[in-house]
Amino acid sequence: MDVVMEYLDTYVFDSVYDKAAALTSTQALPRDSLLRQSLSLFVFIYAYIVSFYLGTAGLSYRFVYDKKQEQHPKFLPRQRLLEIACASRALPVITVLTIPWILGELHGYSLVYKQWDQYGYWYLFASAAMFILFTDFSIYWIHRLEHHPLVYAKCHKLHHKWIVCTPYASHAFHPVDGYLQSLPYHLAVFVFPIHEYVYLALFAFVNVWSVMIHDGEYVASNAVVNGAAHHTVHHLYFNYNYGQFTTLFDRLFGSYRRPSAEIYDRSRRNSKRVQASQAHDIDTALPLLEQASKKTQ
C-alpha cells in the first residue's frame with residue numbers, strides 16, 4: 001500500500017494538507033504523522049471501496065445479472081436500494097476498522113516486499129495461490145462460526161436478509177460481519193511474503209469476486225470453484241457452502257451442497273414451480289434458525 005500512498009501524497013495529499021495548514025495558520029502535518037496517515041488512508045480506502053463496489057456491482061447488474069430473479073417470491077420490494085443502503089452504512093465502519101492493518105503495513109511490520117525477484121519469479125504465482133488458500137480457509141471458518149446461534153442474529157443475519165441476491169448484496173453486511181470476513185485479506189501479508197503489486201492485484205480481485213458470487217449468473221458448473229451457483233445455495237439454504245473461492249473446505253468439513261441442475265438452467269430456475277419450491281424450503285428452515293438463535297440469547 002505504500003506505493004499507492006506515495007503516489008497520492010505526491011499528487012493529492014501534500015497539496016491538501018498544505019492548504020489546510022495555510023487556512024488554519026498551523027504547520028502542515030508531515031507524511032510520517034500517524035494522524036495524517038490515518039486520515040489519508042480513510043479518504044483513499046473509503047473512496048476506493050465505494051467506487052469499486054458501485055462500479056463493479058453496477059456493471060454486473062447492467063450486463064450480467066439475470067433480472068428475472070427479481071420476480072422470485074423471496075426477492076424483497078426495493079431490494080436493490082436496500083442492499084446499497086446497507087452497504088453504505090457498513091463501509092465507513094469497515095474502513096475505520098481496517099486502517100490499523102494498513103498502518104502496520106506502511107510501517108514495515110508486514111511481509112510485503114518490493115523486488116520482483118526477491119524470492120524468485122515462481123514465488124509470485126505461489127504466493128497468489130497461498131493467498132487464495134489461506135483466505136479461503138480463514139473465511140470458511142469465520143463464516144461458519146458466524147452461523148452459530150450465539151453469533152448469527154447479532155452479526156451475520158443481516159446479510160441473509162438478501163435470500164435472492166443482486167450484485168449489490170456483495171458488500172451489504174453488518175459492519176462487524178464485513179470486517180471479520182475481510183480480516184484474512186489483511187492478515188495474510190503478516191503471515192507470508194507477498195509482492196506489493198501482487199497484493200494490490202489480489203485485493204482488487206477479491207472485491208470483484210465478491211460481486212461475482214452474488215451476480216446470479218452461473219456461467220460454469222465447476223465442482224472446485226465456489227462460484228455464484230454454490231453461493232446461491234448458501235443464501236437459499238443457509239448452512240452450506242461457507243467457502244469464498246473454492247469448495248475444498250466445505251468438502252473437507254462436511255458442509256458442501258452441490259447446486260441442483262435447475263440453478264444452471266436459466267429457464268428452469270426462473271420457473272414459478274422451482275421458485276415456489278425454494279420459497280417453501282426457506283419458509284420451513286427460517287423458523288428453525290430463529291428458534292435456535294433465540295435459545296442461545
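**Exercise 1. Leaving aside its neighbours within four places in sequence, which residues is Pro193 in contact with?**

Solution. The model is predicted: local features need pLDDT of at least 70 and side-chain atom pairs count only at pLDDT 80 or more, while totals for chains, interfaces and linings use all residues. Residues are numbered from 1 along each chain as its sequence is written, and side-chain values use heavy atoms, with hydrogens and water left out.

Step 1. Pro193 lies in the loop between H6 and E2; helices (H or I, at least four residues) and strands (E, at least two) are DSSP runs numbered from the N terminus.

Step 2. Check its accessibility. Pro193 counts as buried at 14% relative accessibility, where buried means under 20% relative accessible area, exposed over 50% and partly exposed in between, with a 1.4 Å probe and protein chains only.

Step 3. List the contacts, meaning heavy atoms within 4.5 Å. With neighbours within four places set aside, Pro193 touches Leu111, Tyr113, Tyr119, Tyr123 and Ser127.

**Exercise 2. Describe the aromatic pairs Phe134 with Phe192 and Phe205 with Phe245.**

Solution. Step 1. Rings of Phe, Tyr and Trp (its six-membered ring) pair if their centres lie within 6.5 Å; planes under 30 degrees apart count as stacked, over 60 as edge-to-face and the rest as tilted. The structure holds 27 aromatic pairs.

Step 1. Classify Phe134 and Phe192. Their ring centres are 5.9 Å apart and the planes stand at 85 degrees, so this pair is edge-to-face.

Step 2. Locate the two rings. Phe134 is in helix H4 (residues 121-146) and Phe192 is in the loop between helix H6 (175-187) and strand E2 (194-195), so the pair ties together parts 58 residues apart in sequence. Phe192 is buried, at a relative accessible area of 8%.

Step 3. Classify Phe205 and Phe245. This pair is stacked, with 5.9 Å centre to centre and 20 degrees between the planes. Phe205 belongs to helix H7 (residues 196-212) and Phe245 to the loop between helix H8 (228-237) and helix H9 (248-252), so distant parts of the chain, 40 residues apart, are linked.

Step 4. Compare accessibility. Phe205 is partly exposed at 33%, whereas Phe245 is buried at 5%.

Step 5. Look for a wider group. Phe44, Tyr48, Phe52, Phe131, Tyr185, Tyr199 and Phe203 form one aromatic cluster.

**Exercise 3. Which rings have an arginine charge over them?**

Solution. Step 1. Apply the test: NZ of Lys or CZ of Arg within 6 Å of the ring centre and within 35 degrees of the ring normal.

Step 1. Read off the cases. Arg251 lies over the face of Tyr256, 4.0 Å from the ring centre. The charged end of Arg257 sits over the ring of Tyr240, at 5.1 Å from its centre.

**Exercise 4. Characterise the two cavities of 30 Å³ or more.**

Solution. Step 1. Define the space. On a 1 Å grid over the protein atoms alone, a cavity is a set of points where a 1.4 Å probe fits but cannot get out; a pocket is an open set with protein on both sides within 12 Å along at least five of seven lines, and lining residues have an atom within 4 Å of a point. Grid points are joined across faces, edges and corners, and a volume is the space filled by probe spheres set on the points.

Step 1. Take the largest cavity, with about 460 Å³ of space. Its lining has 28 residues, and those closest to its centre are His171, Gly178, Ser182, Tyr185 and Asn207.

Step 2. Sort that lining by class.

Step 3. Take the second largest cavity, with a volume of about 170 Å³. Of its 17 lining residues, Gln69, Val164, Cys165, Tyr218 and Thr232 are the closest to its centre. H8 gives the most to this lining, with four residues.
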